[in-house]
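Please walk me through this structure. A plain account of its fold and of how its chains meet would be enough.

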Amino acid sequence: MNELIIKNGIVFDPLNNIKDEKKDICIRDGKIVDDVKNPKILDVNGLLVFPGGVDGHSHIAGAKVNSGRLIRPEDGRRSLKPKTSITMPSSGYSVKNVFSEGYDYSIMGYTTVVEPAMPPLSAIHTHEELRDIPMLDKLSLTLFGFNWFVMGYVSRGEIDKLAAYVAWMLKRTRGYGIKIVNPGGGENWKWGKNVDSLDDQVIHFGVTPREILNDLMKVNEILDLPHPIHVHTNKLGQPGNYNITVDTMKLASGFETQRGREPLHITHVMFSSYGGENWKTFDSKADEIAREVNSNKFITVDVGQLMFGDTTTMTADGYLEFNLQKLTGFKWSNSDTELETGGGVTPVIYSPTVPVNVIQWAIGLEAALLINDPYQVWLTTDHPNGAPLTRYPEIISLLMSKEKREKEILQVNNAVNKRAILPSLDREYEWNEIAIITRAAQANSYQLRDKGHLGIGADADVTIFDIKPNEIDPSKDYDKVEKAFSAAKYTIKGGEIVVKDGQIVKVVSGKTYWTNAEFDEYYELIEDDLKDWFANYYTVNLDNYGVNDVYLTNPCMIRTNPTIGSRVRLA
Amino acid sequence: MIIKNVVCPFCGSLCDDLTVEVEGNEIKNVDNTCKLGYNKIVGYSHGRIEAPLIRDKEGLKEISYDKAIDEAAKILCNARRPLMYGWSSTTCEAIEKGIELAIKIGSLIDQTATVCHGPTTLGIQEEGKPSCTLGEVKNRADLVIYWGCNPFHAHPRHMGRYSTFTKGYFTNKGRKDRKIIVVDVRESDTSKVADIFLKIEPGSDYKIINALTSIIIGNGDILPEEIGGISKDRLEYIAGEMVNANFGIVFFGLGVTMTGVKDKNIGSLSRLVKELNRNTKFSLMPMRGHYNVSGAGNVFTWLTGFPYAIDLSRGYAYYNPGETTANDVLARKEVDAILVVASDPVAHFVNPSIRRLAEIPLIAIEPYTSATTELADLIIPVAISGIEADGTAYRMDEIPIRVKKFIDSKFKSDLEILTDIINRIDRYE
């Protein structure tokens with residue numbers, strides 16, 4: 001029996017309504033329990049205690065990430081760290097090697113991370129990298145937004161087959177949920193084009209982004225998947241795109257779900273909250289976006305905060321990366337994937353002197369400050385698109401301190417005063433709200449019942465920060481806040497102390513979650529289509545397609561209860 | 001027993017539709033394969049090294065496997081500047097283990113791209129890699145350019161399966177729906193099936209690529225009347241074909257990467273493709289040689305941050321091609337021991353490197369006699385990945401496919417041998 005008690009911490013555990021309470025936490029064999037007999041004692045006298053961090057959207061594994069590493073040796077050289085007696089060598093600032101990803105997250109107190117864009121055809125690659133990332137529990141979302149099977153079934157109104165296909169694909173790729181990037185538009189990019197509204201047609205397939213989103217949202221419900229459809233909106237990164245974002249959010253309005261979860265998540269909303277008609281008239285529409293979120297309980301968003309500096313952008317939205325590259329002239333990679341998806345990578349430098357970048361920076365903070373319910377807005381940087389994951393502590397201090405924001409605003413281009421509203425916002429996040437946007441909201445949205453809280457039975461993933469919440473004022477002592485969140489006093493993963501005083505002290509390998517939504521005769525529904533399309537249009541055989549458990553560390557299957565007419569969950 | 005959908009462990013095309021007939025533990029026949037794949041698979045048992053061998057004054061002498069692992073561990077531990085080289089013809093799992101070993105002993109590690117598509121990597125690091133999967137080419141490409149490569153012989157099923165003769169969704173007439181252009185310095189069997197063959201002067205690729213870019217961005221007026229043996233009119237015609245294609249692709253080989261200005265060729269090719277994407281859809285793809293050379297680059301990159309030529313002696317990954325590339329460290333006589341896995345550097349390296357290879361302890365993990373085993377001081381025979389061992393390999397378009405094991409072997413796999421060496425080193429420490 002392996003027991004531990006964390007004594008005298010100031011605990012914030014929003015999912016269990018524990019807020020600013022001096023409380024002991026008991027751990028036995030990797031789980032939170034109500035009492036322990038002969039534990040190791042960790043007296044953290046007055047320090048801040050949170051559940052382990054959960055990042056619901058961070059590009060950490062797979063073809064795109066590796067493509068970023070490949071084209072950017074200059075980034076790889078930025079954070080070289082030698083091996084130690086227990087850790088492997090680290091490299092990279094925005095595109096880190098797998099070891100560095102695990103260590104850096106763990107040092108900041110994160111214990112669970114979601115890779116949000118897995119191309120099915122290279123799913124093995126995503127899982128090979130996930131397998132090699134230490135310290136973290138991992139999930140990945142499978143890309144469906146402009147998949148030929150999906151568009152075919154949508155155009156023919158074959159929702160049963162669509163559901164069967166999604167269930168089959170999640171199993172084959174060991175994916176957790178449905179990711180939709182630039183619905184339909186990605187297929188048009190394969191001819192060098194895109195879509196401009198929810199009702200534009202996809203070339204040849206005769207479907208619209210609206211139809212794809214609606215049907216996949218229905219399928220998500222039919223299959224009883226734990227997570228909402230996770231959407232990267234159309235026209236992302238283009239001036240004036242807030243309209244299509246609001247339109248997309250309205251698709252979910254009134255859509256009730258059995259699990260009581262939201263049906264739709266809009267990811268890295270900063271990139272989708274742009275006003276203006278071009279880059280010259282570009283302005284913030286975070287207020288419009290927040291107004292929709294505040295009045296629409298059927299959606300969640302994550303921020304996708306941008307921070308100034310050099311980073312690498314990467315997405316399955318190839319059109320976006322190509323356009324970004326046209327602005328910067330930097331190197332650019334593209335990877336269209338047959339029948340399924342696409343992707344692009346290009347570096348970017350966000351400058352505090354460039355009006356557009358400054359407004360982008362403001363938009364993310366505005367969205368976080370204007371959305372009332374912290375459960376509806378998770379903190380992300382869309383690592384590494386808005387900023388590398390290591391910038392989270394700085395963002396937390398910005399959210400907690402108006403004074404810090406005012407100081408920053410003085411340093412940046414004046415456009416922030418004219419075309420953004422950040423300077424007028426007074427809200428300051430409290431500790432409890434920070435615990436929600438970095439932990440509870442994301443665990444809730446992924447319905448990871450053992451994560452993001454410290455109730456009895458939860459996984460013993462705990463972070464203790466070297467800061468006494470009752471002795472400092474985060475709105476004044478923002479530097480201390482940033483420092484504390486940069487390096488946890490302790491990170492406890494599965495009941496074991498893995499980080500102490502900001503240093504890795506034990507290397508562990510986490511679990512990989514995936515969703516099994518198989519139902520009666522689901523394969524028979526799509527078997528002929530699969531055989532036909534694989535034989536004629538794919539270049540990989542159906543038999544050789546997909547991932548098996550060999551590639552997963554500690555695979556953890558989540559069974560759902562799909563119902564399609566009389567067909568139910570496969571026994 | 002008939003085994004279907006077997007993956008061919010020969011070239012970067014990684015065809016996964018082979019049918020193998022196995023009787024007992026013997027391969028009787030292979031279908032759906034080219035000559036290269038057929039010979040590798042059917043002939044897998046010929047000329048194998050049967051037992052671990054160590055060299056003393058009288059020549060090579062058999063030793064036990066256990067003793068061989070012991071010797072390998074000793075050589076690596078005693079070396080001050082070891083190099084681990086090869087990796088393109090084994091599985092990603094073995095490559096991962098190799099990098100673990102390199103990190104452990106603080107070794108240099110390099111892979112065969114260093115003498116192959118290494119310049120492609122450098123070009124990509126300058127300009128990026130606008131690319132796609134082979135199925136995109138199959139389904140969409142109406143213009144296919146083969147530049148400095150000869151798939152007809154080097155990747156025999158490439159044109160049939162992926163790029164020229166195959167029928168796809170938007171190319172249902174196959175060859176008739178596509179225009180084929182070959183650019184090369186000499187006629188080849190590939191150029192014979194092309195619609196247009198541009199026979200260029202050797203070493204003029206860089207000029208011609210940039211001339212095409214100039215025409216496409218509207219600066220053609222500055223060009224001379226003839227470039228690299230091709231008239232300006234003809235280049236304008238080619239540029240027109242590129243711009244007017246709905247979906248074009250350039251496949252390029254060592255004729256571009258290893259001639260003239262090498263990596264600059266690839267950088268400018270990438271820039272050309274980038275410019276073309278302002279008008280239409282265009283991609284490029286290196287014709288990778290060994291079946292898992294693409295996987296070697298990928299595994300190196302996600303584990304260390306860099307694709308090849310890595311020096312781990314400082315405890316972190318130091319990457320500086322030209323300094324840390326295998327040929328450079330060998331020619332400078334820095335390296336004092338080498339472990340070769342799944343490749344034959346003695347047959348491919350430059351003379352000063354080979355001289356150094358002859359001077360230092362050389363461990364070869366190798367199934368067959370090769371130029372490298374002729375110089376080796378310790379040879380550990382190994383199961384052949386993709387026939388006698390399974391694991392992951394990456395096709396030339398970076399698509400991972402699991403290669404199969406369909407024959408039992410008395411030999412251990414690369415992965416197992418490397419694991420044994422690591423465990424033996426642990427015991428010494």
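A residue counts as buried when its relative accessible area is under 20%, as exposed when over 50%, and as partly exposed in between (1.4 Å probe, protein chains only). By that rule, 68% of the 571 residues in chain A are buried. This is a predicted model, in which local features need pLDDT of at least 70, side-chain atom pairs count only at pLDDT 80 or more, and totals for chains, interfaces and linings use all residues. Residues are numbered from 1 along each chain as its sequence is written, chains are lettered from A and ligands numbered from 1 in the order in which they are written, and side-chain values use heavy atoms, with hydrogens and water left out.

Chain A has 18 helices and 24 strands, where helices (H or I, at least four residues) and strands (E, at least two) are DSSP runs numbered from the N terminus. Its radius of gyration is 23 Å, close to the 25 Å that the globule rule gives for 571 residues, so chain A is as compact as a globular protein of that length. That radius is taken over C-alpha atoms, and the rule is 2.2 Å times the number of residues to the power 0.38. Along the principal axes, the C-alpha atoms of chain A fill a box of roughly 65 × 60 × 45 Å.

Chain A also meets chain B: 57 residues of chain A are in contact (heavy atoms within 4.5 Å) with 63 residues of chain B. Leu70(A), Trp191(A) and Thr539(A) supply 13% of the area that chain A buries against chain B, more than any other three residues. Buried area here is the accessible area (1.4 Å probe) that two parts lose on being put together, summed over both. Between chain A and chain B it comes to about 5100 Å², and carbon and sulfur atoms give 56% of this.
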